[in-house]
Amino acid sequence: MSIIAIGLDLAKNVFAVHGIDEAGKAVLIKPAVKRDALLPMIAKLPPCLIGMEACSGAHHWARQFQAFGHTVRLMAPKFVAPYRLSGRKGKNDAADAQAICEAVQRPHMRFVPIKSEDAQGRLSIHRVRQGFVEQRTATINRIRGLLSEFGIVLPLKAEVVRREAGLHLEDLPGWANTAIGDSLSELHHLDGRIAEYDQHIKVMAQSDERGRQLMAMPGIGPTTASALLASIGNGHDFKCGRQVSAWLGLVPGQYSSGGKQRLGRITKTGDSYLRCLFILGARAVLVSSKNKTDRLSRWAQSVAERRGYWKAVVAIAAKNARMAWAMLSKGEAFKPLA
């Protein structure tokens, strides 16, 4: 079979495959391929273009298929959906595979870079740490809620909850004392795990020269530097810094027509974790700029005075993303302007 392109709909156990020849005729249609039979089937095919949606396991399969000489392209699912001929009402695995096969051949399609195992491993540290942080927040809220049932109302501040819950522990009845005590013990354990993962992230950022250069920028610490490096590498998949800002969802959405430009709120598309890190860093930059006189601090204060606090935070985050891309793509260190 002279297959030139394949659309592969990924799943956990059963996959759908749709392949076409040079004339665009479907010559390989397999709506149900078992997981253990997928790799041997792809290995027998001549080198061709394989398209997949960027989802769980996509980067692993992409590396596996590339080892057999295939050209693999990953796409965001939202870019594939318009090519489904059966529409929204006729969604199934076979239709998705056909849509992927059609979308991967488009000349202006946007593709997702394939991550290496090392990059995915580094991002795993960030994901697990974020899970621990969410568990800690949930545990603190659980302690506050349980104590309020016994007339002990505590503020939102985490340190106050830790201290006051321990002080009121002996005043609680038997089973409540057990529940709150175990929750405080679990909170203590989560604090230790988060500190341990913070150290892992710090080691990852400082072991890379690019990470050390990024941390020289205001608003970028070890967490942001290591996550950005694992996500975009040297940034060569972006043509300019504005594309990075748009990828992070830090640019305004627009609905323009008839020559009239209408800009709205930021799009909030892309990687929400990275965007959150840049926003938190921008808040720190804006707070510290009040006592500084360098060019960046003066600009941050002027934006805050003209447009307000949150718009200034987003503007600083977008600027930091652009500067970070310039440093990574050109291999240059941060040069502050007086």
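Residue numbers start from 1 along each chain as its sequence is written. Because the model is predicted, local features need pLDDT of at least 70 and side-chain atom pairs count only at pLDDT 80 or more, while totals for chains, interfaces and linings use all residues; side-chain values use heavy atoms, leaving out hydrogens and water.

**Exercise 1. Work out how the rings of Phe238 and Trp247 are arranged.**

Step 1: Get the rule. Rings of Phe, Tyr and Trp (its six-membered ring) pair if their centres lie within 6.5 Å; planes under 30 degrees apart are stacked, over 60 edge-to-face, and the rest tilted.

Step 2: Start with the total. Searching the whole structure turns up 5 aromatic pairs.

Step 3: Apply the rule. The centres of Phe238 and Trp247 are 5.5 Å apart and their planes make 55°, so this pair is tilted.

Step 4: Tyr309 and Trp310 are edge-to-face, at 5.1 Å centre to centre with 80° between the planes.

Step 5: Check accessibility (buried is under 20% relative accessible area, exposed over 50%, partly exposed in between, with a 1.4 Å probe and protein chains only). Phe238 has 15%, so Phe238 is buried, and Trp247 has 29%, so Trp247 is partly exposed. Tyr309, at 35%, is partly exposed, whereas Trp310, at 52%, is exposed.

**Exercise 2. Find which charged residue sits over the ring of Phe111.**

Step 1: Take the test: NZ of Lys or CZ of Arg must be within 6 Å of the ring centre and within 35 degrees of the ring normal.

Step 2: Look at Arg73. Its charged end sits over the Phe111 ring, 5.8 Å from the centre.

Step 3: Now for a lysine. Lys319 lies over the face of Trp299, 4.6 Å from the ring centre.

**Exercise 3. Describe the lining of the largest pocket.**

Step 1: Know the term. On a 1 Å grid over the protein atoms alone, a pocket is an open set of points where a 1.4 Å probe fits, with protein on both sides within 12 Å along at least five of seven lines; lining residues have an atom within 4 Å of a point.

Step 2: List the residues. The lining has 33 of them, and Ala76, Phe111, Val112, Trp247 and Gly270 are the closest to the pocket's centre.

Step 3: Sort by class (Ala, Val, Leu, Ile, Met, Phe, Trp, Tyr, Cys and Pro are nonpolar; Asp, Glu, Lys and Arg charged; the others, Gly among them, polar). That gives 16 nonpolar, 10 polar and 7 charged residues.
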